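Please keep the sequence and the coordinates at hand while reading.

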Amino acid sequence: QALAAGILLACVATGLLPQLKFLHNSVSLSLSILAGLALMLSLSQINPGCCSEKSSSTPLIPFVTGFSIEFAINGLVIVLAILAGQFASFITAVSLAICCFVCGLSVTTRFISVGFSTRRTVVSVFGMSALFPIGGLLGLFFLLHLSSFWMQEIIAFGLAVILYVATADLLLEGFKNNSAWAKVSFYAGFILILIINAKFMG
């Protein structure tokens, strides 16, 4: 988790952040970032972080609702990252996909723990997971028809989502036991992306 957080934060620093033109649109971009933060904070109230042990004690309906919305949002953000066209953005997409896979395991475990049959668990998880590509396809449709101004706003919104996932979910959970290995992993992931970006993207 700490390693993934380091990778995501480095990807934001090298892939998405340089694309934002704060000099020209500082107010609107700031509002888009705040909108992304507000959405993620709202989701955290519905269902605490998907990578957190707290999610296992969340009532079932808020649990399913929170994960479903998060799957759809991550699908959209992954499409956004890929369309950015940078190597770091591609790594961002892969990291978020892995995070969603971990979330899927949490969902499966929760359904089994409340007594769902194997068939019902598979159907339920498949239905929720379908929101992941649906969010991506909707994001692709809208993003391909947006002006450069609105593309900037969507990138700023996605930036807030990625930062929240990296810090509030992955980083806090990774550092929960105050492990030296977790701290080293975080910096290793961060530095690795900086080096790769410098070597291959110039």
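Gln-152 counts as buried, because its relative accessibility is 10% and the cut-off for buried is under 20%. The model is a predicted one. Gln-152 belongs to helix H7, which runs over residues 148-174.

**Surroundings of Gln-152**
- Setting aside neighbours within four places in sequence, Gln-152 is in contact with Gln-19, Leu-20, Lys-21 and Leu-29.
- One of these partners, Leu-29, is listed among the buried residues of H2.

**Helix H2**
- Helix H2 covers residues 22-46.
- A kink of about 50° occurs in H2, with its centre on Ser-28.
- The buried residues of H2 are Asn-25, Leu-29, Ser-32, Gly-36, Met-40, Leu-43 and Ser-44.

**Nonpolar cores**
- In soluble globular proteins, nonpolar side chains tend to be buried together.
- The largest nonpolar core here consists of 41 residues.
- Leu-8, Leu-96, Val-107, Ile-162 and Val-165 have the most contacts inside this core.
- At least two residues of this core come from each of helix H1 (2-16), helix H2 (22-46), helix H3 (60-84), helix H4 (87-113), H5, H7 and helix H8 (180-201).
- With ten residues, H7 gives the most to this core.
- Another core, of five residues, lies apart from it; Ile-7, Ala-10, Cys-11 and Ile-193 are among its members.

- Val-165 is located in helix H7.
- With a relative accessible area of 0%, Val-165 is buried.
- What does Val-165 touch, not counting residues up to four places away in sequence? The partners are Leu-8, Met-40, Leu-96, Cys-99 and Leu-170.
- Val-165 and Leu-96 are 69 residues apart along the chain, and their C-alpha atoms are separated by 8.6 Å.

**Helix H5**
- Helix H5 has twelve residues, 118-129.
- From first C-alpha to last, H5 reaches 16 Å, close to the 16 Å expected at 1.5 Å a residue.
- Which residues of H5 are buried? They are Thr-121, Val-125 and Met-128.
- Exposed residues Arg-119, Val-122, Val-123 and Phe-126 sit on the face of H5 turned away from its buried side.

**Aromatic rings**
- A pair of aromatic rings is described by the distance of the centres and the angle of the planes.
- The structure contains four aromatic pairs.
- Phe-149 and Trp-150 form an edge-to-face pair, because their planes are at 80°, with ring centres 5.2 Å apart; the cut-off for edge-to-face is over 60 degrees.
- Phe-149 is partly exposed, at 33% relative accessibility.
- Trp-150 is also partly exposed, with a relative accessible area of 48%.
- Phe-186, Tyr-187 and Phe-190 are linked into a cluster by ring pairs.

**Ala-13 and Phe-190**
- Ala-13 is part of helix H1.
- At 36% relative accessibility, Ala-13 counts as partly exposed.
- Ala-13 and Phe-190 are 177 residues apart in sequence, while the C-alpha to C-alpha distance is 9.7 Å.

Note on methods. Residues are numbered from 1 along each chain as its sequence is written. This is a predicted model: local features need pLDDT of at least 70, side-chain atom pairs count only at pLDDT 80 or more; totals for chains, interfaces and linings use all residues. Side-chain values use heavy atoms; hydrogens and water are left out. Helices (H or I, at least four residues) and strands (E, at least two) are DSSP runs, numbered from the N terminus. Buried means under 20% relative accessible area, exposed over 50%, partly exposed in between (1.4 Å probe, protein chains only). Contact means heavy atoms within 4.5 Å. The expected span of a helix is 1.5 Å times one less than its number of residues. A nonpolar core is a set of buried Ala, Val, Leu, Ile, Met, Phe, Trp, Tyr and Cys residues joined through side-chain atoms within 4.5 Å. The bend at a residue is the angle between axes fitted to the seven residues ending there and the seven starting there. Rings of Phe, Tyr and Trp (its six-membered ring) pair if their centres lie within 6.5 Å; planes under 30 degrees apart count as stacked, over 60 as edge-to-face and the rest as tilted.
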